[in-house]
Amino acid sequence: MLRRTVVQTGASLLLLFQSVFTTHPVYSQQKSLEQRQPLELVYADSIVPQDRHETMLTTGVWYFRKHTSPHASLTQKIEWGISDALQVSTTIQLVNSASVPGSTRTGIGDIEIGARYTWPRIGSEFTHLALAFDAGFPTGSSRRGLGEGAYTVSPSMLFSRELAHGKYQIFSTTGVEVVIKHSRFDPLQDPPRTSAFSNGGLLIHAGAGWVIGEISFRSNRWNGGNETQLSITPSYAWRLAKRSEFLLGIPIGITSSTDRFGAVIKFTFELGGKPD
């Protein structure tokens with residue numbers, strides 16, 4: 001009798017063990033990409049596209065310090081889905097503040113508009129790809145340190161691969177920012193130059209959100225410049241509700257031309273689109 005009970009108990013545990021590992025992948029695949037991934041990252045672009053006629057609003061607060069000169073900005077990003085795969089966006093620096101010894105300069109910053117097409121499935125449920133194109137306009141004063149003073153275009157490619165059925169994700173946004181035209185600069189100022197950039201990292205689903213680590217690289221040395229910017233940014237994105245999110249990131253500069261320390265806060269929510 002005891003032997004039969006032990007066998008039955010062992011069989012029950014085996015069935016329970018099998019059910020956990022066989023139903024977990026199905027459960028994760030039933031979740032949409034939007035549920036499995038954060039809506040925003042710090043520097044890299046999230047691979048999650050907006051649905052047709054869905055609007056996503058992201059308000060960001062940025063603070064950076066390099067030596068004794070801090071600067072801060074308030075940004076607003078608006079994304080809208082033309083279709084489930086094609087979306088357009090606008091990002092504006094509503095307030096830009098730059099501090100120099102003896103004074104603080106405040107005003108509007110630059111504006112960027114963009115478009116992106118996303119393939120949410122590349123061979124599997126967990127591989128994603130997107131192509132993006134952005135254009136920047138120098139609406140902020142470069143002489144006052146409130147803008148880059150350049151008209152730019154930035155083609156880029158986004159890649160994302162989920163591991164362990166969505167618990168982990170590696171991601172990257174890689175491209176080139178091409179300077180088409182720039183404003184006049186003071187003789188002591190370096191004009192903006194075309195640069196290559198790559199922002200990538202790893203995220204882990206944890207609690208009500210994601211622990212994220214990003215490595216951000218940008219350099220114009222190959223184009224006659226003298227800057228190589230490299231930073232590491234740990235962050236956490238909280239899913240506050242089904243369609244809203246709060247992100248906190250701490251960028252840490254590695255190279256001499258990078259801001260040594262910073263803090264980034266983003267609040268994101270979605271409107272319209274497909275009913276939940």
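Helices (H or I, at least four residues) and strands (E, at least two) are DSSP runs, numbered from the N terminus. The model is predicted: local features need pLDDT of at least 70, side-chain atom pairs count only at pLDDT 80 or more, and totals for chains, interfaces and linings use all residues. Residues are numbered from 1 along each chain as its sequence is written, and side-chain values use heavy atoms, with hydrogens and water left out.

**Exercise 1. The whole protein**

Task: State how many helices and strands the protein has, and what share of its residues counts as buried.

Solution. 
Step 1. The protein has two helices and 14 strands.
Step 2. Buried means under 20% relative accessible area, exposed means over 50%, and partly exposed lies in between (1.4 Å probe, protein chains only).
Step 3. By this rule, 39% of the 276 residues count as buried.
Step 4. Contact means heavy atoms within 4.5 Å. Among contacts with a separation of 6 or more, 53% are between residues 24 or more positions apart.

**Exercise 2. Strand β2 and T75**

Task: Find the strand that holds T75, and name the residue whose side chain makes a polar contact with the side chain of T75.

Solution. 
Step 1. T75 belongs to strand β2, which covers residues 69–81.
Step 2. The relative accessible area of T75 is 11%, so T75 is buried.
Step 3. A polar contact is a pair of N or O atoms within 3.5 Å; within protein, one must be able to donate a hydrogen and the other to accept it, and residues adjacent in sequence count only if both atoms are side-chain atoms. The side chains of T75 and W62 are joined by such a contact of 3.1 Å.
Step 4. With neighbours within four places in sequence set aside, the residues in contact with T75 include T58, W62, I92 and L94.

**Exercise 3. Aromatic pairs**

Task: Classify the pair of Y43 and W62 as stacked, tilted or edge-to-face, and say which parts of the chain the pair ties together.

Solution. 
Step 1. Rings of Phe, Tyr and Trp (its six-membered ring) pair if their centres lie within 6.5 Å; planes under 30 degrees apart count as stacked, over 60 as edge-to-face and the rest as tilted.
Step 2. The whole structure holds seven aromatic pairs. In one of them, Y43 and W62 have ring centres 6.2 Å apart and planes at 50 degrees, and the pair is tilted.
Step 3. Y43 sits in the loop between α2 (33–36) and β1 (54–66), and W62 sits in strand β1, so the pair ties together parts 19 residues apart in sequence.
Step 4. Y43 is partly exposed at 27% relative accessible area, while W62 is buried at 15%.
Step 5. Ring pairs also link Y43, W62 and F64 into a cluster.

**Exercise 4. Salt bridges**

Task: Name the residue that forms a salt bridge with E162, and the residue that meets E54 in a salt bridge.

Solution. 
Step 1. A salt bridge is a side-chain nitrogen of Lys or Arg within 4 Å of a carboxyl oxygen of Asp or Glu. The whole structure has 10 salt bridges.
Step 2. E162 pairs with R36, with the closest N and O atoms 2.8 Å apart. E162 is in strand β7 (residues 150–163) and R36 in helix α2, 126 residues apart.
Step 3. E162 is buried at 2% relative accessibility, and R36 is buried at 5%. R36, R121, E125 and E162 are linked in a network of salt bridges.
Step 4. E54 meets R243 at 2.6 Å, N to O. E54 lies in strand β1 and R243 in the loop between β11 and β12 (244–249), so this pair ties together parts 189 residues apart in sequence.
Step 5. R243 also meets E270 in a salt bridge, at 3.9 Å, N to O. E270 lies in strand β14 and R243 in the loop between β11 and β12, so these parts, 27 residues apart in sequence, are tied together.
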